Amino acid sequence: MKVTESRFKNRQLHIEDYLQMVSAEQKEYAEVFDYGKITEKSGIITDYWTNNLMELILRKDNLNKAYKRVKSNKGAGGTDGMQVDELLPYLKENQETLIQEIKGGRFKPNPVRRVEIPKETKGEFRKLGVPTVVDRVIQQAITQELTPIYEEQFTENSFGFRPKRGAHGALKQCQKNVNEGYVYVVDMDLEKFFDTVCQSKLIEVLGRTIKDGKVISLIHKYLNAGVIAKGVFEKTEVGMPQGGPLSPLLSNIMLNELDKEIESRGHRFVRYADDCMIFCKSKKSAERTLKNIIPFIEEKLFLKVNRKKTQVAHISKVKYLGYTFYRYRGKCRFRVHPKSITKMKDVIRNLTDRNNGMSNASREDKYQQFVRGWIEYFKLADMKKLLKGIDEWARRRIRAVYWKQWKKIKTKYRMLKALGMEHWKAKELACSRKGYWRMAKVLNSVFSNRIIAKLGFTSMLDYYLIVYEN
């Protein structure tokens with residue numbers, strides 16, 4: 001691996017700080033960092049830093065940066081019960097001891113806490129492992145140093161869990177492939193990827209780049225730390241916990257082997273985390289590609305292909321990252337997949353439930369956050385007509401919430417008058433015995449869309465028209 005000019009610039013601060021820490025027997029290596037000699041001795045430089053990664057990981061500025069990242073992400077505590085707010089006092093008191101234990105190989109990570117999140121498929125759960133807050137800091141410190149090293153090795157077709165890359169980049173690459181005639185895809189599904197990763201294979205892959213045995217050993221300890229589920233300890237000799245700061249990077253390192261293999265065979269592909277699509281120009285070609293790639297995945301990487309969910313299909317029949325694809329005037333465009341729409345409506349239904357006991361201020365805030373986040377993610381899709389209907393439905397639910405809150409006839413009359421309704425009409429509606437949903441429709445004219453927007457319930461269509469891309 002060559003040291004690029006941009007990589008070297010990113011490392012200058014680390015080098016200058018580290019020169020103050022190197023011992024006498026290491027000075028001859030430290031002197032290699034004469035900027036004028038960088039081109040002729042780049043191999044030595046690379047070996048030096050990959051051989052001494054642990055020193056970089058445990059630098060105080062790197063650990064401080066890791067702590068700040070963990071604190072900003074918040075999250076629940078792990079098996080030791082320590083919360084993020086308790087982390088700073090603990091680190092101030094125990095930082096030196098912690099560093100010495102890691103350097104000496106005596107550090108032992110805590111088991112992760114098992115959390116199960118329901119999947120879209122009924123009865124299936126995604127198993128997450130929540131590390132302790134101390135382990136999260138150490139994992140984050142490792143990730144910060146390994147990321148720039150492996151970024152040089154990752155392909156341009158990998159988009160998940162990488163700096164300045166994301167789902168939109170993956171979708172646009174899919175769009176580009178379809179526009180160039182690659183309309184059939186191998187929609188690859190790796191069965192329980194995080195639970196089935198072969199640890200020895202992952203360690204072998206890491207060892208090709210990382211020459212510091214202490215770092216390899218520490219990562220291996222995290223893989224073998226175990227899980228506590230319902231109070232019972234379980235060994236983790238296979239797989240890696242999904243939920244810590246290190247897991248996304250390790251998954252990319254493992255699946256980069258698949259990326260390189262697909263590239264070497266001359267295929268177009270897009271991968272986001274373990275969601276991979278290989279693009280072909282014909283159905284036969286896609287079927288042949290699937291048949292040929294399965295042996296590599298299962299026999300070389302020791303991963304499992306879920307044959308029930310893996311399919312060869314036309315691009316219009318595929319769901320990818322919550323989107324679906326269609327062609328209009330010869331060009332590929334996006335829509336929101338029906339399952340994503342159902343999930344979105346479920347969230348709105350919960351937020352606008354008349355019986356959830358939520359305060360108006362909290363409801364308005366959470367509704368606005370959800371709408372903006374959802375639209376920002378799906379802004380590549382064509383959905384004006386869809387959002388117009390969703391807005392009408394959501395606003396009717398909001399009117400029903402307020403109508404129920406007004407309860408008494410006097411309150412209803414007073415609020416209707418305040419909204420500008422005539423005396424006789426306000427009195428008639430206040431005394432009405434119609435249900436909440438029926439009355440919500442009656443209120444359309446006086447409890448207007450503009451008033452609902454002022455209350456903080458952002459219109460999905462209005463926000464979409466501001467941020468829409470495609």
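Let me start with helix α17, residues 409–418, in what is a predicted model. Its buried residues are T411, K412 and L416. These cover an arc of only 125° around the axis, so they sit on the same side of α17. What do they pack against? The neighbours are α16, residues 384–406, and α18, residues 423–430.

The face turned away from the buried side carries K410 and A418, which are exposed. After the helix comes G420, with a positive phi near 100°.

Next, the sheet. Four strands make it up, in the order β6-β7-β3-β8, and the sheet is open, with antiparallel pairing. Which strands are at the edges? They are β6, residues 268–272, and β8, residues 311–314, and each pairs on one side only. From one strand to the next, the twist averages 25°.

On the β8 side, the partner is β3, residues 184–189; four bridges join these two antiparallel strands.

Two helices to mention here. Helix α8, residues 167–179, packs on the sheet and touches β6 and β7, the latter being residues 275–280. The direction of α8 makes about 165° with that of β6. Helix α12, residues 247–264, lies across β6 and β7 as well, and α12 runs at about 170° to β6.

Terms used
Residues are numbered from 1 along each chain as its sequence is written. This is a predicted model: local features need pLDDT of at least 70, side-chain atom pairs count only at pLDDT 80 or more; totals for chains, interfaces and linings use all residues. Side-chain values use heavy atoms; hydrogens and water are left out. Buried means under 20% relative accessible area, exposed over 50%, partly exposed in between (1.4 Å probe, protein chains only). The arc is that of the directions from the helix axis to the C-beta atoms. Contact means heavy atoms within 4.5 Å. Two strands pair if DSSP finds at least two bridges between them. Axes are lines fitted to C-alpha atoms, for helices over the stretch in contact, and angles run from 0 to 180 degrees between N-to-C directions.
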